[in-house]
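Here is a short note to read beside the structure. Keep the view open and look for each residue as its name comes up.

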Amino acid sequence: THDSTMREIYQSYQEISTQFDLKDYTDKILGLQYAQLQEIHARVESAWGVLSIPENKDVYDNEMADKIRRQQLSKQRKMEMAQRNFTQGNTQFSKKDVMRALDFYRAAISLNSESPEFYEKLSLALATNNKWIKESIRNLKNAIKLDPENAKYHVVMGQICKMSGYRNAAIRSFRKALKMMPKNEKLAQEIRSLFEPSKTKS
């Protein structure tokens, strides 16, 4: 690593070089496996050739630091682009242009698949069409997986399931939310209403 001393580098080189010493394997393996070991051994020797010289190590460390900075910058740009797409999705959804909103939400998720909010908004947009309910639920499950302690997502899941006639699933989701918000009387009423006789899916 960047902070490794020459002694630590040498010790690592000795350990890896010994582990992949070709003489220990010549009589044991053939063909492709031996060729792979030769490649590993060559890389170890090459790395030692670079890092064993302080001047070379300094150049290597600087190059690696630049690479890390570029990767971080690239990730930051992706996050910014994801947020812009998400904002555009919200704008289109507020204008009731669901198809364009879906495009923007999906683009946001393709750039940042770790945002539960992105999945929730995509789920809400999909829930506007009964044909997309299963996909809506699937995306909301992704949001819950990323942020399971967010009561809001369980409430939304309950609402979508209730709207779609999935009574038992709605009850389960509302109950999970109620555990997180035990004093929410409106939520408790939602659960009670689902126990009233009706013809719904399970």
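**Notes on the fold**

1. I137 has its place in helix α6. Keep in mind that this is a predicted model. Is I137 buried or exposed? I137 is buried, because its relative accessible area is 13% and the cut-off for buried is under 20%.

2. Now see what I137 touches. Residues up to four places away in sequence are not counted here. I137 then touches S123, M157, I160 and C161. Take C161 from that group. I137 and C161 are 24 residues apart in sequence. In space, their C-alpha atoms are 8.0 Å apart.

3. Step back to the whole protein chain. How many helices and strands does the protein chain have? The count is 9 helices and 0 strands. Read from the N terminus on, the elements run α-α-α-α-α-α-α-α-α. The protein chain has 202 residues, and buried residues make up 33% of them. Look next at contacts with a separation of 6 or more: residues 24 or more positions apart account for 47% of these.

4. Turn to α7, residues 151–163. α7 has 13 residues. From its first C-alpha to its last, α7 reaches 18 Å. That is close to the 18 Å expected at 1.5 Å a residue. Which residues of α7 are buried? They are A151, Y153, H154, V155, V156, M157, G158, I160 and C161. The cover over the buried residues of α7 includes α5, α6 (133–146), α8 and α9 (185–193).

5. Take α5 as one of those covers. Helix α5 spans residues 116–126. α5 and α7 pack at an angle of about 15°, and their axes are 11 Å apart. Why call α5 and α7 roughly parallel? The angle is about 15°, and angles under 35 degrees count as roughly parallel, so α5 is roughly parallel to α7. The crossing in which α5 passes α7 is left-handed. On the α5 side, the contact is made by P116, E117, E120, S123 and L124. On the α7 side, K152, Y153, V156 and I160 take part. By class, the contact of α5 with α7 has 5 nonpolar, 1 polar and 3 charged residues.

6. Pick out E120. E120 lies in helix α5. E120 is buried, because its relative accessible area is 2% and buried means under 20%. Which residues is E120 in contact with, leaving aside its neighbours within four places in sequence? They are L140, A143, K152, Y153 and V156. Of these, A143 is 23 residues from E120 in sequence. The C-alpha atoms of E120 and A143 are 5.9 Å apart in space.

7. Move to the other partner, helix α8, residues 167–180. The axes of α7 and α8 come within 8 Å and cross at roughly 160°. Angles over 145 degrees count as roughly antiparallel, so α7 and α8 are roughly antiparallel to each other. α7 passes α8 in a left-handed crossing. From α7, the contact uses A151, H154, V155, M157, G158, Q159, C161 and K162. These meet A169, A170, S173, F174, K176, A177 and M180 in α8. By class, the contact of α7 with α8 has 9 nonpolar, 4 polar and 2 charged residues.

8. Go on from α8 to α9. Their axes are 10 Å apart, and the packing angle is about 155°. α8 and α9 are therefore roughly antiparallel to each other. The crossing of α8 and α9 is left-handed. F174, R175, A177 and L178 of α8 make the contact with L187, A188, E190 and I191 of α9. The residues of the contact of α8 with α9 divide into 6 nonpolar, no polar and 2 charged.

9. Finish with a backbone detail. K96 is found in the loop between α3 (54–94) and α4 (98–111). What is phi of K96? Phi of K96 is near 70°, a positive value in a residue other than glycine. Most residues other than glycine have a negative phi. K96 is exposed, because its relative accessible area is 73% and exposed means over 50%.

Key
Residues numbered from 1 in each chain as written. Predicted model: local features only at pLDDT ≥ 70, side-chain atom pairs only at ≥ 80, totals over all residues. Heavy atoms only, no water. Axes fitted to C-alpha atoms, helices over the stretch in contact; angles between N-to-C directions. Helix = DSSP H or I, 4+ residues; strand = E, 2+ residues; numbered from the N terminus. Parallel < 35°, antiparallel > 145°, perpendicular 65-115°, else oblique. Left-handed = near helix turned anticlockwise from the far one by under 90°. Contact = heavy atoms within 4.5 Å. Nonpolar A, V, L, I, M, F, W, Y, C, P; charged D, E, K, R; others polar. Buried < 20%, exposed > 50% of the residue type's maximum accessible area, 1.4 Å probe, protein only. Expected span 1.5 Å × (residues − 1).
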